[in-house]
Amino acid sequence: MFKHLLALAAAGLFSSGALAACLPGDGTGTVTLGATATTVPDRVRADCSTVDGRIADEQPWGSQAAFLAHVSSVTMALQQQGALSALERARLLAAARTSGIGSRLTVKLIAFNDFHGYIKPFEGSGSNPGVTRLSTRIKALKAANPLHAVVSAGDLIGASPLTSALFKDEPTIEAMNRIGIDFNAVGNHEFDEGRAELLRMQHGGNHPSDPYSGLGLAADKRADGQFAGARFDFLAANVRDTATGKTIFPAYGVKDFLGNKVAFVGMTLEGTPTIVSPSGVAGLRFADEADTVNALVPQLRAQGIRSIVVLIHEGGVAVSGTAGCPSISGPIVDIVNRLDPEVDLVVSGHTHQAYNCLVAKRDGSLVRVTSAGQYARNLGDIDLTLDTASKDVVATAATILNTGTSTAEDPALTDLVAHYDALSVGPKSRVIGRITAAISRSQNAAGESALGDVIADAQLAATRSAATGNAVVAFMNPGGIRADLPYNAGGQVSYGDAFTVQPFGNSLVTLTLTGAQIQTLLETQFAGCNGQSTERILQVSAGFSYRYAKNNACGLRVSDLAIDGVPLNPAAAYRVTVNSFLADGGDGFAVLVQGGNRLGGAVDTDAFEAYLQANPGGVAPGPMNRITRVN
Amino acid sequence: MKFPTTPMAAALLALAACGAQAAHLQLVDAATFGSSLTSVTAADGGQLGFSGPVDELSGLAEALAFGDGQHTGSLAGSGLGFRSEWVRLAALDASGATTRLQLSGSSAWHFDGTAELAEALEQATVGLDARLQVGSDGEAAGSAVRVRLQLGAESLFSSSVAGAGDTPTFSLLVQDSGFNTLASYNGVALNGRDTLDVAFDSAVGQTLTLSLVYANALGLGNASLTGVQRVESSALLDGTLSVSAVPEPQSVALLLAGLGVVGTAARRRRA
């Protein structure tokens with residue numbers, strides 16, 4: 001006892017607290033390793049460490065070998081110090097093996113997709129939590145799980161709201177640098193401004209000409225004051241330079257978790273060139289997604305990698321939302337159905353949906369396929385359980401979290417967002433043209449709006465020439481028109497006004513449809529027809545006209561389709577312009593997916609600005625006389 | 001003496017870079033082995049015997065052999081109670097940049113009663129044979145590397161009765177594919193401590209064979225036992241194999257030239 005008191009006094013001397021934190025000796029309990037109890041007393045050492053504490057069985061161990069070797073070393077040292085007998089050492093080692101500690105390792109994957117530069121809370125929609133809230137969520141998951149990776153499945157940038165878009169999406173890269181993400185698979189929108197600009201996002205340096213580049217806070221910039229570039233890796237397994245045959249970014253990244261390597265293969269959809277303007281993808285070749293993954297599997301295996309996660313910017317349509325996955329359809333299903341059985345998880349995107357599904361691979365075995373909505377609203381909270389002997393994933397579990405608009409904002413990012421928000425005040429007021437009166441998105445009885453007419457006209461104007469698409473008609477989804485265009489002094493339209501009307505940054509796509517397919521497209525506007533969930537009357541460009549009888553049955557409502565008064569020939573081909581969202585079958589207009597000979601075009605707001613510029617006298621509200629409702 | 005600090009720091013940095021971690025060892029395959037055999041024989045001929053296996057628990061990047069046992073019995077005739085508890089471990093962890101290796105064991109005997117003991121003997125072995133390839137971390141195949149083996153070995157033995165002893169023996173052998181010995185260790189003394197720090201040349205792509213064995217014979221002979229008596233033994237060999245790049249001749253020449261310049265400058269400054 002006297003010895004213990006001395007030790008206690010010594011411990012007190014060396015600790016800053018007024019009271020010693022421990023009573024050296026045999027302790028009160030016995031050592032338990034994981035769930036395996038032993039009869040060995042949990043002795044307290046003079047330095048207040050305990051036998052159980054020094055074995056550190058609670059911390060993650062990369063293998064059973066690593067844990068057992070650690071217990072062996074620690075117990076030998078304790079035996080040398082007289083704190084354990086050989087008998088107790090043997091019992092602790094036997095228990096260490098029985099506990100199974102080290103044989104499994106759980107890694108947390110924190111995944112999102114289609115962030116699209118939504119750094120500022122509530123920009124574009126009251127549902128957008130902003131990067132500050134996303135960061136709070138991510139940091140909490142990181143703190144609770146020391147073994148983690150933060151991954152993005154594409155469209156991190158591009159089609160961004162003003163606060164990021166104006167500054168060439170540098171704010172988004174800087175925000176992600178601050179959060180500390182690991183990988184971003186390229187999506188189609190990463191190519192919106194072309195390869196050189198995308199490479200700049202990775203490697204840094206200011207934009208060669210745009211004055212809004214390199215305006216970040218000093219803490220986020222390079223030592224020379226220029227944009228720093230991403231401190232995470234862009235991945236592009238299926239995007240090759242046609243000249244060199246090399247991928248423009250690494251095909252995969254590897255993260256090592258205590259000797260257990262997990263490969264993250266990143267890619268965009270093969271069809272990226274069909275939804276990006278040709279200049280954005282010039283000199284690049286986009287390969288089949290499943291073939292690309294499958295060809296990499298042997299390479300990864302040769303490096304001793306058995307845990308393979310695919311980050312893919314292609315998705316599906318699931319009916320469940322965040323809750324689960326009663327069913328999923330769409331391109332991702334066809335891709336996963338062809339995947340090598342070695343693939344352990346698919347983090348998908350592109351469809352802006354939230355789902356958590358199991359889909360069959362090539363051999364029929366199931367793999368988890370997740371997607372976390374859009375604009376930072378959701379976050380995939382995914383557990384990968386690895387067998388540390390085989391180094392392979394043996395189980396996955398996922399929850400799609402809501403970021404939440406009332407989640408606390410991370411103070412580590414608020415200054416970044418506030419900085420760019422303040423800088424954007426001026427540019428928002430830049431005058432891009434004139435209108436003669438306020439232009440409303442309110443629809444008349446036929447579903448046509450003045451603003452819808454103008455936007456469709458602007459899209460047709462941007463794609464009418466032979467070089468830009470040879471379009472004869474444009475269709476605009478009403479849901480993509482987010483606000484009225486207000487009448488300011490002198491009819492001046494600000495860039496901020498135009499951006500608020502069309503905040504999605506969709507690009508234009510011109511494709512070929514037959515007259516019959518255009519008829520199907522218009523029939524699909526009505527709820528219950530061709531899978532349409534709700535009535536969506538497309539806005540049409542000048543010269544196009546038709547009638548519909550709402551009371552008729554599906555397939556019999558639309559009639560008298562004409563362009564400049566000439567009836568459409570069901571068998572003839574027409575060049576049709578829609579935005580990239582519709583071109584992918586968005587809003588239920590599946591027939592548009594069948595459109596061939598696709599040509600990407602300008603971003604919608606750029607087309608709108610060009611249309612205003614081409615009409616210096618001012619653009620008048622649309623006539624709302626192109627669609628006629630019979631009943 | 002005042003050194004021109006900046007060039008000296010640069011030279012030292014260059015020197016440090018030459019020894020930087022490069023390449024790594026990758027486990028190609030491994031086999032493990034081991035067992036423990038214990039026998040207790042009294043002068044009157046009463047006998048007990050136990051044996052236990054060592055299990056192979058190897059994985060893709062780690063070789064692991066582990067065995068443990070708890071045996072109890074009493075001798076016919078004298079009624080001497082005997083309990084033996086043992087554990088043996090051989091591990092090779094090639095999952096990281098540095099390869100870790102370990103051999104270890106503990107054995108504890110507990111006698112309770114009065115008897116004339118002729119002999120108690122535990123003969124235990126645990127070990128593994130592994131092939132390791134010098135894997136590339138970006139270096140070309142055939143690039144020269146230096147492999148450093150560092151280890152510590154220790155043994156602890158105690159007995160409450162005279163006439164007991166142990167013969168812990170660690171054997172480590174590293175050979176190239178032509179069976180030329182690159183490094184070896186044989187030891188350790190009872191209740192002793194030992195260290196080894198050696199290095200050998202290899203190259204990216206080469207395959208090394210590593211043999212690790214821990215064998216011992218724990219014995220007690222011709223003892224008059226009474227009451228509770230204990231014999232205990234533990235041993236541990238803990239080591240690492242690390243790979244570093246060997247600088248190309250031209251970079252060595254550059255380094256030497258650089259150091260020469262630094263030296264000249266220093267001399268001039270003193271003059």
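Biologist: How do you know that the span of helix H14 of chain A agrees with its 13 residues?

Modeller: In this predicted model, helix H14 (residues 450-462) of chain A should span 18 Å at 1.5 Å a residue, and its end C-alpha atoms are 19 Å apart, which agrees.

Biologist: What makes H14(A) mostly covered?

Modeller: A residue is called buried if 20 or more other C-beta atoms lie within 10 Å of its own. In H14(A), 13 of 13 residues are buried, and the helix is mostly covered.

Biologist: Which residues of H12(A) are buried, and why are they said to be on the same side?

Modeller: The buried residues are Leu413(A), Leu416(A), Val417(A) and Tyr420(A). They cover an arc of only 95 degrees around the axis, so they lie on the same side of H12(A). In general, an α-helix has 3.6 residues a turn, so residues three or four places apart point the same way.

Biologist: What does the face turned away from the buried side of H12(A) carry?

Modeller: That face carries Pro411(A) and Ala422(A), which are exposed; the term applies if 12 or fewer other C-beta atoms lie within 10 Å.

Biologist: Against which helices do the buried residues of H12(A) pack?

Modeller: Those residues pack against helix H5 (130-144), helix H6 (162-165) and helix H7 (170-179) of chain A.

Biologist: How many helices and strands does chain B have?

Modeller: Chain B has two helices and 14 strands. Of its 271 residues, 39% are buried.

Technical notes: Residues numbered from 1 in each chain as written. Chains lettered and ligands numbered in written order. Predicted model: local features only at pLDDT ≥ 70, side-chain atom pairs only at ≥ 80, totals over all residues. Helix = DSSP H or I, 4+ residues; strand = E, 2+ residues; numbered from the N terminus. Arc of directions from axis to C-beta. Contact = placed C-beta atoms within 7 Å. Expected span 1.5 Å × (residues − 1).
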